Amino acid sequence: LEEMFIRQITLDGCESDDVISYYCQISEGEFKTIFSSDKDLTQLISENVTIYSPMVKEYLKMGSKIKIGDISIPHKNVVTYKVLSGDKSDNIDGILLLGEKTISKILPEILEKTVSVSDILTTINNLTEDEKKQKSISNILEGKTKRGSLGQEFFEINKRLVDLSDPLISNEGKEEVKAYYEEELDPDGRGYKNLMRMMMDDGLFKFLPKHDNAWVE
């Protein structure tokens with residue numbers, strides 16, 4: 001990869017989501033395509049950031065809706081959705097009894113327009129007392145998870161965990177990402193001849209496609 005002029009970076013104690021988010025923040029003038037099926041990263045979509053999802057083989061960009069389970073929501077609502085529902089793959093608890101179908105039923109606005117957690121809490125607080133007694137709604141008001149009720153702290157904790165606008169990366173990590181961003185892409189000493197030699201040594205040519213279309217396929 002080094003011989004192919006591909007920058008690589010790994011930081012201890014930091015997830016790739018946060019590294020990618022910080023890179024997007026410091027490279028405003030650069031058009032970027034993020035290759036990932038991770039729905040968390042769709043919150044980074046902007047005029048200069050596109051997601052390519054290899055699972056569905058499509059590009060996700062400004063204005064795209066993100067399919068989560070049986071519903072599709074604007075990419076700007078991914079943070080709001082994740083704060084409420086949590087993320088099992090990242091061991092983040094969500095509101096008890098609040099799946100995507102329940103969210104779309106009691107909060108239909110999340111399907112069409114940009115809404116924040118604050119907007120949703122305001123809407124719920126304006127409901128009648130009888131409506132607030134519905135189990136899923138009362139769980140939202142209490143910040144209730146399978147581990148108990150956390151109140152407002154639930155929303156603060158989950159936002160910190162899922163919102164990539166403030167990436168969890170150390171100052172040392174930020175400096176390293178900046179160094180990689182500013183590094184010359186084509187430094188002396190690297191080139192295709194080195195790459196060809198390494199590929200021959202490793203026997204990769206036995207496995208590479210023999211015609212151009214095969215690369216795409």
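## The largest pocket

The largest pocket holds about 450 Å³ of space. A pocket here is an open set of points on a 1 Å grid over the protein atoms alone, where a 1.4 Å probe fits and protein lies on both sides within 12 Å along at least five of seven lines; lining residues have an atom within 4 Å of a point. The volume is the space filled by probe spheres set on the points, with grid points joined across faces, edges and corners. This is a predicted model, in which local features need pLDDT of at least 70 and side-chain atom pairs pLDDT 80 or more, while totals for chains, interfaces and linings use all residues. Residues are numbered from 1 along each chain as its sequence is written, and side-chain values use heavy atoms, leaving out hydrogens and water.

Of the 16 residues lining the largest pocket, Arg-7, Ile-9, Val-19, Ile-20 and Tyr-23 are the closest to its centre. Two or more lining residues come from each of H1, strand S1 (32–35) and H8, and H1 gives the largest share, five residues. Helices (H or I, at least four residues) and strands (E, at least two) are DSSP runs numbered from the N terminus. By class, this lining has ten nonpolar, three polar and three charged residues. Ala, Val, Leu, Ile, Met, Phe, Trp, Tyr, Cys and Pro count as nonpolar, Asp, Glu, Lys and Arg as charged, and the others, Gly among them, as polar.

## The second largest pocket

The second largest pocket has about 390 Å³ of space. Its lining is made of 18 residues, and Ser-85, Lys-88, Ile-92, Asp-93 and Gly-94 lie nearest the centre. Helix H2 gives the most to this lining, with three residues. Here the classes are seven nonpolar, five polar and six charged residues.

## Helix H2 and its cover

Let's stay with H2 for a moment. Seven of its eight residues are buried (under 20% relative accessible area, with exposed over 50% and partly exposed in between, for a 1.4 Å probe and protein chains only), so H2 is largely enclosed by the rest of the structure. The buried residues are Val-78, Val-79, Thr-80, Tyr-81, Lys-82, Val-83 and Leu-84. Their cover includes strand S4 (65–68), S5, helix H3 (100–106), helix H4 (117–125) and helix H7 (152–162). Just after H2, Gly-86 takes a positive phi of about 75°.

Asn-77 sits in the loop between strand S5 (71–74) and helix H2 (78–85). Asn-77 counts as buried because its relative accessibility is 0%. Leaving aside residues up to four places away in sequence, Asn-77 touches Ile-110, Lys-113, Thr-114 and Val-115 (contact means heavy atoms within 4.5 Å).

Two of these neighbours meet the Asn-77 side chain through their backbones. A polar atom of that side chain lies 2.9 Å from the backbone oxygen of Ile-110, and a polar atom of the side chain lies 2.8 Å from the backbone nitrogen of Val-115.

## Aromatic pairs

The whole structure has four aromatic pairs, where rings of Phe, Tyr and Trp (its six-membered ring) pair if their centres lie within 6.5 Å, and planes under 30 degrees apart count as stacked, over 60 as edge-to-face and the rest as tilted. One of them is Tyr-23 with Tyr-181, edge-to-face at 5.6 Å centre to centre and 90° between the planes. This pair links Tyr-23 in helix H1 (residues 16–26) to Tyr-181 in helix H8 (residues 171–182), 158 residues apart. Tyr-181 counts as partly exposed, at 26% relative accessibility.

Tyr-52 and Tyr-59 form a tilted pair, 4.8 Å centre to centre with 55° between the planes. Tyr-52 is buried at 19% relative accessible area, whereas Tyr-59 counts as exposed at 53%. Together with Phe-35, Tyr-52 and Tyr-59 form one aromatic cluster.

Note on methods
A polar contact is a pair of N or O atoms within 3.5 Å; within protein, one must be able to donate a hydrogen and the other to accept it, and residues adjacent in sequence count only if both atoms are side-chain atoms.
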